[in-house]
Amino acid sequence: MFHPLQWRPPASIYSYCARSAPWEGRPGPAPALRSRYQWLLGWFQKEPGKCPGPKSLLSLLASQCSYVTGQRVRRAQQIGQLYGNIYSERARWSLFSGLWRRFQARHASACKLMAALTGVFLWEEERIQEEELRRSAEEMKHMEEVSRLFPGSGGEHQKLGPKTHVDITATREEHPWEMVMDKKHFKLWRRPIEGTHLYQYRVFGTYTDVTPRQFFNVQLDTEYRKKWDSLVIKLDVVERDLTTGSEVVHWVTHFPYPMYSRDYVYVRRYNVDRENNLMVLVSRAVEHPGIPEDPEFVRVRTYESQMVIRPHKTFDENGFDYLLTYSDNPQTVFPRYCVSWMVSSGMPDFLEKLHTAALKAKRMEIEVRDYISAKPIENSSSGEGKASMPGAEHKSEDTHSPAQLEYA
């Protein structure tokens, strides 16, 4: 199958012989050795009587490299033809994809550097994975179990007394959550992020005068948010992943005076699971080579957000519970308690504006795109990237592509 390689003496022998040959004005080796080297030089040289010059050495080296390279290329072509005859096209792509993933795993830093230099975003590394969606759904399930400790009539949550304490921690290894705010329609907790001076925040609330579909669409519609959120400076979808529906979003927002405005670059993905009556939206900060830092804004590099919505009945009937988990590092020089106060006071204001915008959409005062009913992005033939919620073995037409943004 493979043609045998024709033997050629290595170039190092030629160099050694050339160095050992007697040059004019320089004593050569012993006469016995000199005669042995001369016949080798004659084999290499077209004119054995002349000593080789630098040009002939380079020419020989180039010829040797060309010969070896050609043999390697022909060998690779023969191997490719062999695998082409044995495997189908789909199997070949699976094989090459596996080899490429192994190469990326071994040289991850080099691949990221090459991607940054070439302006390519590595979706394989940065897209939202199914595990992240499942984890958010599990947290909602745990929160629903905990919420039974403070139920109210008609789906409302009663206000806890100042001495009442409900542990919402899922595992003993986690830091405990501290209740910061207890309102009629929502409750706000926080807990310290290990190794930092920052907090992670969690909101669990209920609305009964708006449908889950409207509330979900308002979060995703970037064009509509530019109208109801006066803090937005820029909000655009930069790039989409056709495999999973993940999107890269660039968001620039005002911060309270005298701080500079902040800009976020993050990837997001949502899932609508009709079988389990659940809607999940996950976002986290990424680096995108097409969005360099702007000196007018402060880039926020640490950011995570998960929103889970559970309808009381259906997606089109009023009433739902929601769970929002949020953390970021706004890169401020203010003390920890100042940042905590800004987030604790700003989050209820955002939720109220989001609720009002959803009510306007319900009354048809402003047209909002329906992302739940939007045509889903077609996945690859291998089905990679389909997210499923806990308890769902597969996902069909109930999963839809993402659109444009959520709570940031």
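The model is predicted. The salt bridge count comes to 20.

- Strand 4 spans residues 232-240 and strand 5 spans residues 247-253.
- The two strands run antiparallel, and seven bridges join them.
- Valine 237 has valine 249 in strand 5 as its bridge partner.
- Six residues lie between the strands of this hairpin.
- In the turn, glycine 245 has a positive phi of about 85°.

- Arginine 190 and glutamate 178 meet through their side chains in a salt bridge, at 3.3 Å from N to O.
- This pair links distant parts of the chain: arginine 190 sits in strand 2 (residues 186-192) and glutamate 178 in strand 1 (residues 178-182), 12 residues apart.
- Arginine 190 is buried, at 16% relative accessible area, whereas glutamate 178 is partly exposed, at 41%.
- Aspartate 316 forms a salt bridge with arginine 213, and their closest N and O atoms are 2.4 Å apart.
- Here 103 residues separate the partners: aspartate 316 is in the loop between strand 9 (303-311) and strand 10 (320-328), and arginine 213 is in helix 8 (residues 212-220).
- Arginine 213 counts as buried because its relative accessibility is 12%, under the 20% cut-off.

**A buried pair and a network**
- Arginine 225 and aspartate 229 meet in a side-chain salt bridge, at 3.1 Å from N to O.
- Arginine 225 and aspartate 229 are both buried.
- A network of salt bridges links Glu124, Arg127 and Asp241.

Technical notes: Residues are numbered from 1 along each chain as its sequence is written. This is a predicted model: local features need pLDDT of at least 70, side-chain atom pairs count only at pLDDT 80 or more; totals for chains, interfaces and linings use all residues. Side-chain values use heavy atoms; hydrogens and water are left out. Two strands pair if DSSP finds at least two bridges between them. Helices (H or I, at least four residues) and strands (E, at least two) are DSSP runs, numbered from the N terminus. A salt bridge is a side-chain nitrogen of Lys or Arg within 4 Å of a carboxyl oxygen of Asp or Glu. Buried means under 20% relative accessible area, exposed over 50%, partly exposed in between (1.4 Å probe, protein chains only).
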